[in-house]
There are 2 protein chains.
Amino acid sequence: MRVIDAAAELRALSREWRREGRRVALVPTMGALHEGHLSLVRIAQTEGARVIVTIYVNPTQFSPSEDLAAYPRTLDRDCALLNDLGVDAVFAPKRDMYLPDHTTWVTVDGLTTGLCGASRPTHFRGVTTIVAKLLHIAEPDIAVFGQKDYQQARVIERMMRDMDFPVVIRVGPIVREADGLAMSSRNRFLSPEDRAAARVLSRTLFACSDRARAGASLAELCAFLDASLADRARGELDYAVIAHPATLGEIRDLSEGALIALAMRFGSARLIDNILIEPQK
Amino acid sequence: MRVIDAAAELRALSREWRREGRRVALVPTMGALHEGHLSLVRIAQTEGARVIVTIYVNPTQFSPSEDLAAYPRTLDRDCALLNDLGVDAVFAPKRDMYLPDHTTWVTVDGLTTGLCGASRPTHFRGVTTIVAKLLHIAEPDIAVFGQKDYQQARVIERMMRDMDFPVVIRVGPIVREADGLAMSSRNRFLSPEDRAAARVLSRTLFACSDRARAGASLAELCAFLDASLADRARGELDYAVIAHPATLGEIRDLSEGALIALAMRFGSARLIDNILIEPQK
């Protein structure tokens with residue numbers, strides 16, 4: 001496995017693979033890897049592609065009040081995990097990927113205003129900008145993202161479509177702990193009490209999904225969601241939203257299915273989770 | 001010469017050329033070609049590259065009050081000129097290059113606020129967005145722009161740098177009519193009286209350049225520029241700016257050289273022109 005620090009070296013390697021007739025898949029991460037990330041690598045590998053994992057804690061997707069400095073950095077361990085998995089290259093730039101006078105931004109309007117965008121107004125601008133930069137450097141055929149960051153995946157998919165990126169997006173399912181908690185690099189910040197209480201997220205989503213499958217209406221689902229969350233012992237709710245799965249906008253019924261998405265703070269950790277509801281006939 | 005309407009076909013052709021070891025150069029235009037555009041094609045050809053000229057009147061760089069509908073469209077004549085020149089492919093999409101729910105924008109802050117950006121606040125967002133789309137479709141090694149649109153060239157250069165586009169930019173010099181008027185697709189809209197009066201733009205710039213070479217200070221240059229423009233018979237001044245050639249910001253002296261840029265309206269035609277002043281010791 002090649003561990004690469006320089007953008008030019010990564011691009012040269014990717015072009016070499018393409019000349020050899022290989023496809024190239026990119027898995028962008030911020031490191032602190034867990035089984036969720038590793039599942040994305042496996043998806044990339046099933047495409048028969050050379051796999052590049054990028055590890056870069058992107059400062060522009062954090063607001064000044066957020067946890068950029070505290071974000072976990074575990075590069076050696078990350079590289080060992082990826083090497084064991086048979087990843088072809090890791091791109092882990094040591095230097096800032098933004099020049100001091102960087103002034104270019106890629107923005108996706110509409111999809112970025114609700115959900116996480118409401119409390120993190122510049123977050124998605126940072127995400128789309130760094131992903132576009134990484135796509136220009138690595139020039140992959142495929143890019144893989146996780147469904148846990150559902151809004152992010154939709155925003156990046158829209159960016160790729162609107163901007164004619166020659167890249168196919170794959171979105172891997174959420175990987176969960178045994179008790180249902182969605183895996184996240186931020187879970188390590190949870191106190192034992194918060195860790196136990198954080199189960200409310202997945203438990204609520206699974207219960208909503210069960211109700212929807214049993215025929216609950218949108219209004220019934222909303223009422224149930226509110227009641228379930230009101231019942232929680234700990235955790236500060238950021239949002240609980242039932243939205244259109246494609247537009248992330250308001251819905252009137254479940255005829256086109258729904259996204260149920262939650263964000264909650266436990267101490268310094270802001271956790272998100274979501275589930276997709278199938279369209280109801 | 002191939003005339004291509006579909007993005008996928010252009011990308012396939014460009015990749016074929018790259019596989020054959022050829023470099024690819026892109027010359028983005030809005031058509032209504034004149035000798036200025038053709039000079040950019042020749043620059044692309046001197047790079048030994050396959051040359052793609054794009055012809056697309058990009059709606060997002062016009063404001064609702066501007067001349068999108070009236071912008072000249074002369075595709076058959078354009079293609080004949082490019083064919084005579086030995087261009088390899090023309091990309092002239094017949095359909096809108098933006099889907100109805102397009103919401104992604106590439107913006108370059110700072111460089112876009114002054115000069116043309118002051119009176120055309122969404123113009124450069126449209127330019128950078130369409131150029132990024134064209135770069136993703138054509139995947140060139142080189143992209144060629146004209147110095148007449150000096151601010152545009154700087155903005156695109158910055159976008160390419162900030163976003164790690166694997167593309168080198170070339171900027172071709174301004175091509176002028178015999179009397180000095182910078183060539184522009186909008187010159188055809190000038191009445192005979194305005195056409196004669198429009199000479200004030202290049203005449204003023206050349207005179208400023210002469211004064212600077214003779215040792216005039218920035219203050220003297222500013223005074224001379226104001227006096228020269230006050231003298232004009234016709235034409236509504238949009239701006240007359242002496243700015244830093246790289247940052248387009250304010251300068252205190254000519255030690256790092258200067259850009260002198262003018263924009264003036266004659267009837268429905270808004271004309272721009274500029275000249276670079278060498279650094280003074």
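Two strands are taken to pair if DSSP finds at least two bridges between them. In this predicted model, that criterion bears on strand E2 (residues 24-29) and strand E6 (residues 142-146) of chain A, which run parallel and are joined by two bridges. Within this pair, Ala25(A) stands opposite Ile142(A) of E6(A).

The two strands belong to an open sheet of six strands in chain A, in which the order is E1-E4-E3-E2-E6-E7 and the pairing is parallel. Its edges are formed by strand E1 (2-4) and strand E7 (168-172) of chain A, each of which pairs on one side only, and the twist from one strand to the next averages 25°. Helix H1 (residues 7-19) of chain A packs on this sheet, where it touches E1, E2, strand E3 (50-55) and strand E4 (89-91) of chain A, and the direction of H1 makes about 140° with that of E1(A). Helix H6 (residues 150-162) of chain A, in turn, lies across E6 and E7 of chain A and runs at about 170° to E7(A).

With regard to the arrangement of the chains, two copies of a chain are related by a rotation about an axis and a shift along it. Here, chain A is superposed on chain B by a rotation of 180° with 0.0 Å of shift along the axis, the RMSD being 0.0 Å; the two copies are therefore related as by a two-fold rotation axis. In chain A, the C-alpha nearest this axis belongs to Val106(A), at 2.3 Å from it. Because 100% of the interface residues of chain A are also interface residues in chain B, the copies meet through the same surface.

Notes. Residues are numbered from 1 along each chain as its sequence is written. Chains are lettered from A and ligands numbered from 1 in the order in which they are written. This is a predicted model: local features need pLDDT of at least 70, side-chain atom pairs count only at pLDDT 80 or more; totals for chains, interfaces and linings use all residues. Helices (H or I, at least four residues) and strands (E, at least two) are DSSP runs, numbered from the N terminus. Axes are lines fitted to C-alpha atoms, for helices over the stretch in contact, and angles run from 0 to 180 degrees between N-to-C directions. Two residues are in contact if their C-beta atoms, placed from the backbone, lie within 7 Å. Copies are superposed by least squares on the C-alpha atoms of residues with pLDDT of at least 70 in both.
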